[in-house]
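Me: I'd like to learn how to read a structure like this one. Can we start with how the chains meet and then go on to how helices pack?

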There are 2 protein chains.
Amino acid sequence: MSTHPRICARYFIETAFPPEQAAETMAGEQSTGTFLRVPGETQALRERFAAQVELIAEGEPVAAPSLPGAGTPKNWDGVRRTAEVTLSWPLENIGPSLPNLLSTVAGNLSELKAFSGLKLLDLELPAEFLSRYRGPQFGVSGTRALSGVYERPLIGTIIKPSIGMDPQATAAQVRVLAEAGIDFIKDDELQTDGAHCSFMARVSAVMHVLREFAERTGKNVMYAPNLTGEIDEMLRRHDHVVAEGGLCVMVSMNSIGLPAMKVLRAHSQVPIHGHRNGWGMLGRSPALGMSFVAFSKLWRLAGIDHTHVNGLRNKFCESDESVIASARSCLTPMFPEPLSGCEVMPVFSSGQSARQAPDTYKALGCTDLIYACGGGIMGHPGGPAAGVCSLQQAWQAAVKGIPLAEFASRHQELAQALELFGA
Amino acid sequence: MSTHPRICARYFIETAFPPEQAAETMAGEQSTGTFLRVPGETQALRERFAAQVELIAEGEPVAAPSLPGAGTPKNWDGVRRTAEVTLSWPLENIGPSLPNLLSTVAGNLSELKAFSGLKLLDLELPAEFLSRYRGPQFGVSGTRALSGVYERPLIGTIIKPSIGMDPQATAAQVRVLAEAGIDFIKDDELQTDGAHCSFMARVSAVMHVLREFAERTGKNVMYAPNLTGEIDEMLRRHDHVVAEGGLCVMVSMNSIGLPAMKVLRAHSQVPIHGHRNGWGMLGRSPALGMSFVAFSKLWRLAGIDHTHVNGLRNKFCESDESVIASARSCLTPMFPEPLSGCEVMPVFSSGQSARQAPDTYKALGCTDLIYACGGGIMGHPGGPAAGVCSLQQAWQAAVKGIPLAEFASRHQELAQALELFGA
């Protein structure tokens with residue numbers, strides 16, 4: 001560890017000002033400066049506490065401002081420039097505190113008039129954060145150990161309809177999925193503790209099915225019930241999951257905030273499945289908010305074990321490139337050995353089927369993921385068991401480097417799946 | 001209260017699809033539906049749990065998509081329409097839970113391919129939320145009672161430089177400001193608990209000054225130290241503030257999340273100053289995220305007493321129209337009498353001086369605000385006391401409807417301020 005550790009953040013910026021000047025504005029606003037130089041901002045204070053511009057890499061200019069409200073310099077040359085800018089801050093300014101990190105790297109910055117675009121792309125944090133936050137408790141290896149699934153992705157699914165079923169109907173769907181050979185089942189993020197389907201009753205009903213299934217077959221299906229709520233509720237719900245023999249809990253990250261996640265992580269005895277709903281508000285604009293790579297690093301440190309990355313050729317608006325960047329980042333260490341890398345299991349979902357397995361494997365280079373499918377399981381002409389089987393076959397083909405169509409000639413379930421989802 | 005209370009949310013949308021169809025997609029995604037109709041989504045389940053489209057008001061079409069990744073229908077007529085859409089959900093789906101409300105009204109919606117723009121504009125919540133969340137504990141009247149300031153805004157300021165001063169230097173600046181007649185002082189959001197200026201030592205040093213000042217003058221200056229951090233830290237810091245005789249705490253809302261705010265509110269004995277840094281990520285794009293009106297309603301319910309709205313002709317990129325809409329909303333009841341309206345005190349800041357007082361008063365129609373200035377106080381040629389005095393004079397003129405220049409002819413401090421800040 002350095003004796004003067006620094007926090008680093010990389011941004012995309014779009015500005016009518018010279019990038020050097022714009023970057024200095026960012027650094028000033030988020031550390032010792034204000035709009036006007038004030039008397040107390042001495043040279044000594046600046047040297048110790050000011051944010052520094054580490055790197056500016058200019059990109060292609062843009063024709064029109066991405067966001068409204070931006071200013072232009074007095075003698076503007078008419079060029080609206082883009083750049084990637086890396087800033088650094090002394091850790092001493094805030095200490096290893098995730099909430100205060102957020103205020104520092106993503107506080108008032110995006111409202112600065114100098115910018116018609118400003119997005120946080122990545123974060124690099126000193127190891128001191130690891131002494132404060134524990135990171136994932138289970139991660140990839142812990143999730144594999146609990147579910148007993150090795151050398152292939154966990155095949156998962158989401159209970160549908162998202163909301164409206166009572167505990168018994170939910171448990172009945174879980175029974176069908178378990179018998180079909182599924183590894184992982186999660187609630188939809190809209191389902192938590194409605195009057196018609198209380199969390200406690202749902203978990204009891206589902207775990208009754210899964211315990212019976214495990215006793216009979218030896219297979220532990222991982223069910224991630226959505227415990228999102230107030231802190232006391234979440235801890236009570238977690239304890240109920242553990243008491244019922246559950247192996248996972250799910251929580252909506254944006255809905256609860258980082259400090260609540262820290263409390264949940266300290267308390268949890270099972271993996272935490274971090275749902276990213278709402279991230280689109282931060283991530284969809286190329287000129288505002290933050291990338292999932294930066295976002296997920298905060299939550300990895302705070303203690304999630306899995307998180308959503310969408311999927312290739314998904315039904316949302318995210319590009320394949322972005323999906324893969326997110327997934328790879330989840331599996332890339334945040335800190336060097338022997339420290340924890342805070343790797344978490346990426347969850348692929350949204351319109352996923354046997355079709356995307358080869359490309360997903362090729363892009364990710366491993367099988368450390370949860371592969372969540374809906375239609376490909378419940379809609380398979382041979383029934384849900386054939387659906388799960390077809391997905392396992394697709395991943396076998398992917399790992400062996402055998403084209404799906406060729407592998408399908410010897411595997412009927414995969415052949416049927418390929419027919420269902422088009423050539 | 002209705003026997004079947006519903007949650008309402010109003011959105012701006014931009015879509016290549018017929019607005020009716022796009023609105024149904026939103027309603028489906030965020031309640032019983034998924035991309036494909038699934039067997040369990042029965043008519044009875046839909047009738048009870050589905051979100052409903054309440055209103056669609058079409059606006060002007062746009063030439064180009066605001067966000068990337070949007071799809072177009074097969075037989076697209078080439079028109080990209082905009083509309084305001086109001087959806088409603090049965091409260092029964094989630095119960096009165098703010099974290100789950102967020103997943104429902106602002107979860108995966110903004111990633112839907114049908115939209116090249118989607119922003120949450122406003123929320124209307126059933127009164128059941130008030131039985132669960134307490135709203136502001138002090139609000140406008142409590143803040144006035146504690147600070148002893150009536151019939152004019154609280155004149156406030158932010159300690160600068162934002163970060164880097166030690167507790168003694170901070171206390172020395174507070175002493176100058178108190179002697180100048182200031183009503184309200186806050187930390188910058190970058191300042192929390194750095195190694196050079198620990199929260200505990202800073203609060204002790206500042207409160208030593210302010211207690212001595214109150215004993216001597218009878219005036220209680222409200223200091224809002226930034227306690228943003230983990231939950232246990234925040235409660236400890238709050239207790240230290242109270243033990244030192246402090247009258248306020250400040251917290252960065254986005255940095256801590258709603259469940260942590262609920263815990264802080266339940267514990268707090270003083271007003272909570274809710275700093276909105278980071279809101280720009282959600283609010284700056286007209287086509288993504290959420291308005292401050294919607295955002296602040298969540299936090300008002302959770303229990304803040306003050307919140308930032310920027311200021312007229314501010315140095316950030318926000319328009320005056322948006323500033324005033326935010327400020328008015330803070331003072332507009334969320335629930336009908338005799339229920340709490342959850343009104344909170346808007347905080348005007350960023351480049352504010354005597355100049356903006358008349359327009360601010362005209363737009364807001366009252367003096368229930370904190371008016372935070374920096375340069376206008378510390379930079380006043382007559383010194384900080386003349387600076388504070390000039391701001392009070394500007395507000396007297398505003399309330400009396402006397403033009404600033406005319407009032408300044410009889411008030412030297414105001415005259416000097418107007419000279420300093422230009423005609």
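Me: How much area is buried between chain B and chain A, and what share do carbon and sulfur atoms give?

Reply: The size of an interface is often given as the accessible area lost when the parts come together. In this predicted model, about 7,000 Å² is buried between chain B and chain A, and carbon and sulfur atoms give 58% of that.

Me: Which residues of chain B lose the most area to chain A?

Reply: Look at B:Glu111, B:Met281 and B:Arg284: together they make up 12% of what the chain B side buries. As for contacts, 88 residues of chain B touch 88 residues of chain A.

Me: Through what surface do the copies meet?

Reply: Compare the residue lists on each side. Here 100% of chain B's interface residues are also interface residues in chain A, so the copies meet through the same surface.

Me: Now the helices. At what angle do α12(B) and α13(B) pack?

Reply: Read the angle together with the axis distance. Helix α12 (residues 292–302) of chain B and helix α13 (residues 320–330) of chain B pack at about 30 degrees, with axes 9 Å apart. That makes α12(B) roughly parallel to α13(B), because angles under 35 degrees count that way. The crossing of the two is right-handed.

Me: Which residues meet there?

Reply: From α12(B) you have B:Phe292, B:Val293 and B:Arg300, and they meet B:Ala325, B:Ser326, B:Ser329 and B:Cys330 of α13(B). By class, that contact has four nonpolar, two polar and one charged residues.

Me: And how do α16(A) and α18(A) cross?

Reply: Helix α16 (residues 384–400) of chain A and helix α18 (residues 412–420) of chain A have axes that come within 8 Å and cross at roughly 95 degrees. So this pair, α16(A) and α18(A), is roughly perpendicular. On the α16(A) side, A:Ala386, A:Cys389, A:Ser390, A:Gln393 and A:Ala394 meet A:Glu413, A:Leu414 and A:Ala417 of α18(A). Sorted by class, the contact of α16(A) with α18(A) has five nonpolar, two polar and one charged residues.

Terms used: Residues numbered from 1 in each chain as written. Chains lettered and ligands numbered in written order. Predicted model: local features only at pLDDT ≥ 70, side-chain atom pairs only at ≥ 80, totals over all residues. Heavy atoms only, no water. Axes fitted to C-alpha atoms, helices over the stretch in contact; angles between N-to-C directions. Helix = DSSP H or I, 4+ residues; strand = E, 2+ residues; numbered from the N terminus. Parallel < 35°, antiparallel > 145°, perpendicular 65-115°, else oblique. Left-handed = near helix turned anticlockwise from the far one by under 90°. Contact = heavy atoms within 4.5 Å. Nonpolar A, V, L, I, M, F, W, Y, C, P; charged D, E, K, R; others polar. Buried area = accessible area lost by both parts, 1.4 Å probe.
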